[in-house]
Amino acid sequence: MRIGVVRHFEVDCSHKCVLSDEEFQEWVRQYDCSPIRKVTMPVEKYNWEKCYCSNLPRAIETAKYIYRGVITESVLIGEVPIMPIFKSSIKLPHAFWMIAGRIAWFLSHRSQPETMKQTKDKVERFVSDIIADSEESVLVTHGFLMMQIQQELINVGFAGERFKRAKCGKVYVFECEKY
């Protein structure tokens, strides 16, 4: 069985260098709705039987660009939500808010709408479901979630090109002979 995992194309959304907590929340909302920057990439390298994508516009648009059949949207592979870890009118670097939010997720801090356990559970359920379908599938999702998907695929016996930070638009292929 072969599964391809793709991070959505780059998002056309700039940000201020420093932001208050409210400005960061607004930036997250804008990012979630912003258009993608399409790139030229080889689409027909593999003949995927199914395509699943996150329910966010950037993933849906990427999926439409790289796959010509029916696309199944799933909240299970949607972006892990990120929120400021505290209220602050003091403007802090964008990178601070991003890193602090992901550390808070890792620690299951109450500031984050989704815990690490919830994320892992939904990824396990999703991977289990696509394995049960037994069809070669391509998944269009988000960089942070891709690390969780990669780990789950490895945990159940898949092998493939590993990544620490997924490149936008690149297909990472994982294969397993036992499925």
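Q: In this predicted model, does Glu 136, at 25% relative accessibility, count as buried, partly exposed or exposed?
A: A residue is called buried when its relative accessible area is under 20% and exposed when it is over 50%, with partly exposed in between. Because the relative accessibility of Glu 136 is 25%, this residue counts as partly exposed.

Q: How many residues apart in sequence are the parts that Glu 136 and Arg 2 tie together?
A: Glu 136 forms a salt bridge with Arg 2, and the closest N and O atoms of the pair are 3.5 Å apart. Glu 136 lies in the loop between helix 4 (116–133) and strand 6, whereas Arg 2 lies in strand 1, so the pair ties together parts whose separation in sequence is 134 residues.

Q: Arg 37 forms a salt bridge with which residue?
A: The closest N and O atoms of this salt bridge, which joins Arg 37 to Glu 10, are 2.3 Å apart. Arg 37 lies in the loop between helix 1 and strand 3 and its partner in the loop between strand 1 and strand 2 (18–19), so the pair ties together parts that are 27 residues apart in sequence.

Q: Which buried residues does helix 2 have?
A: The buried residues of helix 2 pack against strand 1, helix 1, strand 3, strand 4 and strand 6. Buried here means under 20% relative accessible area. The residues of helix 2 that are buried are Arg 58, Ala 59, Ile 60, Thr 62, Ala 63 and Ile 66.

Q: Which strands stand at the edges of the sheet?
A: The open sheet is formed by 6 strands in the order 4-3-6-1-8-7, with mixed pairing. The strands at the edges each have a single partner strand, so one side of each is left without a neighbour in the sheet, and these are strand 4 (71–74) and strand 7 (159–160).

Q: Which residue in strand 4 does Cys 53 stand opposite?
A: Strand 3 (residues 50–54) and strand 4 run parallel and are joined by 4 bridges. Within strand 4, the residue that stands opposite Cys 53 is Glu 73.

Q: Which strands does helix 5 touch where it packs on the sheet?
A: Helix 2 (residues 57–66) packs on the sheet and touches strand 1 (2–7), strand 3, strand 4 and strand 6 (137–141), its direction making about 160 degrees with that of strand 3. Helix 5 (residues 143–155) packs on the sheet as well, and its direction makes about 160 degrees with that of strand 1, while the strands touched by helix 5 are strand 1, strand 6 and strand 8 (171–175).

Q: Which residues of helix 3 make the contact with helix 1?
A: The axes of helix 1 (residues 21–33) and helix 3 (residues 94–106) come within 11 Å and cross at roughly 75 degrees. Because angles of 65 to 115 degrees count as roughly perpendicular, helix 1 is roughly perpendicular to helix 3. From helix 1 the contact is made by Asp 21, Phe 24 and Trp 27, and from helix 3 by His 94, Trp 97 and Met 98.

Q: Is Asp 21 buried or exposed?
A: Asp 21 is found in helix 1. Leaving aside neighbours within four places in sequence, Asp 21 is in contact with Pro 84, Phe 86, Lys 87, Ser 88, Ser 89 and Trp 97. Because its relative accessible area is 5%, Asp 21 is buried.

Q: How far apart in space are Lys 38 and His 8, C-alpha to C-alpha?
A: Lys 38 has its place in the loop between helix 1 and strand 3, and this residue is exposed, with a relative accessible area of 52%. Not counting residues up to four places away in sequence, Lys 38 touches Phe 9 and Tyr 65. Lys 38 and His 8 are 30 residues apart in sequence, and their distance in space, C-alpha to C-alpha, is 9.6 Å.

Definitions and conventions:
Residues are numbered from 1 along each chain as its sequence is written. This is a predicted model: local features need pLDDT of at least 70, side-chain atom pairs count only at pLDDT 80 or more; totals for chains, interfaces and linings use all residues. Side-chain values use heavy atoms; hydrogens and water are left out. Axes are lines fitted to C-alpha atoms, for helices over the stretch in contact, and angles run from 0 to 180 degrees between N-to-C directions. Helices (H or I, at least four residues) and strands (E, at least two) are DSSP runs, numbered from the N terminus. Angles under 35 degrees count as roughly parallel, over 145 as roughly antiparallel, 65 to 115 as roughly perpendicular and the rest as oblique. Contact means heavy atoms within 4.5 Å. Buried means under 20% relative accessible area, exposed over 50%, partly exposed in between (1.4 Å probe, protein chains only). Two strands pair if DSSP finds at least two bridges between them. A salt bridge is a side-chain nitrogen of Lys or Arg within 4 Å of a carboxyl oxygen of Asp or Glu.
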